[in-house]
Amino acid sequence: MTDLWSLFLSAAFVDNMPLTLFLGLCTFLALSKRPESALGLGIAMTGVLGVTVPLNWLIYRGLLAPGAWTWAGMPELDLSYLSLIAFIGVIAATVQLLEMLLDRFFPAVHASFGVFLPLLTVQCAILAGSLFMVDRSYGFSESVVFGLGSGLGFAVAVVMLGAIRGRLAYADLPAGLRGLGIAFILTGLMSLGFASFAQMAMSQ
Amino acid sequence: MAARIDFWATLTDPLLRQNPVTLQILGICSALAVTTSLATALTMSVSLTLVLTLSAVLISLIRRHIPDTIRLIVQIVIVASLVIVIDQILQAYFAEISRALSIYVGLITTNCLVLGRTEAYARHHAPVPAAVDAFGNGLGYSLILLTLGGVRELFGRGQLFGWQAFPLADAGGWFTPLGLMLLAPSAFFLLGGLVWAIRSWRVEQTEALEHVPPARTMTVE
């Protein structure tokens, strides 16, 4: 139990997706101009990561990993090179499915952040979640916790940046720094802050 | 016949005027993650340019046969197949660099740059202009990556491509490496500064003010 909890914390804070691993920065920067849209993106990310990482774990273990076909008499079959295509297919299908379900049962939720869902298909952070899961050979419960934790970390970071940038709309910045430039520098400062979490993890 | 497409402009526009990283905000994730040294930055640039050009040509060839509703899936499958090929080649012949890049080669699949260019350009153009546009964007991306990689390796380790450019203080030289340059925050600061520099030079790229302060009404007595 404590292991899972520490994995959750490290996925959310120490290995924060956008701030320390540079993952999912395109949407991170594009949709953080306002705290409201940032919150929508954060919730969508948490949901999609929490679903796709365990799902891809099942697919990888059941179909692709070396030795997965032993029961069918093919113990040497190693399909792991197909994992990239399989993962992206699962992610695209999940995102589509989530969008349809939300539209059908929770139209209000869909209206507020449904527009972000299709974007998440090509979000590097989501694919990276599945690739890390294979790379670090997590178990099933670990993959659930890892997916939720990294989604939450992304949400925290994007909402914070959204809040800061919302205030900055009224600041008098040099013309060349407006928009993207200052967003990078802010992200760098936040990344410095998050670097202190790594120290905490080491001193434990 | 439609107006001749200006190949030279298509090729050079993405270098500075329409740079994919600093203006279009495409493909930033990998641009920052792999730039701790020039060697990884170069490998990543070459891989991305290859994948981008090949996928643009392939998608442009079958552009009349892709149904609009499933085009994203088709494009992503083509890109993913090419990325798998590159990944396997890197693992076979450049094992060390492949380990340094870890999952970031796989992430070319979801690099917004690749999908952005195929979606915005290759889908509507013949194979040759599509290839030129993709190659130009690949070069623009590589330019930023190599600049960042060069600065970070030079000041972080005093090296260029592993060759000691500045003699280190430990070895009797004068240069003390800046450890921060190899960490995540410096990548953001450098790219932010680069964007600032480019936009101060090319003023037309600056973003419009979101909030215009009300003009102060002066009452003259």
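Good morning. I begin with Phe28(A), which counts as buried because its relative accessibility is 0%; buried here means under 20% relative accessible area, with exposed over 50% and partly exposed in between, for a 1.4 Å probe and protein chains only. Before I continue, please note that this is a predicted model, in which local features need pLDDT of at least 70, side-chain atom pairs count only at pLDDT 80 or more, and totals for chains, interfaces and linings use all residues. Residues are numbered from 1 along each chain as its sequence is written, chains are lettered from A and ligands numbered from 1 in the order in which they are written, and side-chain values use heavy atoms, with hydrogens and water left out.

Let me turn to the aromatic rings. Over all chains, a search of the whole structure finds nine aromatic pairs. Rings of Phe, Tyr and Trp (its six-membered ring) pair if their centres lie within 6.5 Å, and planes under 30 degrees apart count as stacked, over 60 as edge-to-face and the rest as tilted.

Phe28(A) and Phe154(A) form an edge-to-face pair, at 5.8 Å centre to centre and 70 degrees between the planes. What does this pair tie together? Phe28(A) lies in helix 3 (residues 25-30) of chain A and Phe154(A) in helix 8 (residues 140-168) of chain A, so the pair ties together parts that are 126 residues apart in sequence. Helices are DSSP runs (H or I, at least four residues), numbered from the N terminus. Phe154(A) is likewise buried, at 0% relative accessibility.

A second pair joins Tyr60(A) and Phe87(A); it is tilted, with 6.4 Å centre to centre and 55 degrees between the planes. Tyr60(A) belongs to helix 4 (residues 35-64) and Phe87(A) to helix 5 (residues 83-105) of chain A, 27 residues apart. Tyr60(A) is buried at 9% relative accessibility, and Phe87(A) is buried at 0%.

How do these two helices pack? The axes of helix 4 and helix 5 of chain A are 10 Å apart, at an angle of about 140 degrees. Axes are lines fitted to C-alpha atoms, for helices over the stretch in contact, and angles run from 0 to 180 degrees between N-to-C directions.

Finally, ring pairs link Phe13(A), Phe194(A) and Phe197(A) into a cluster. Thank you.
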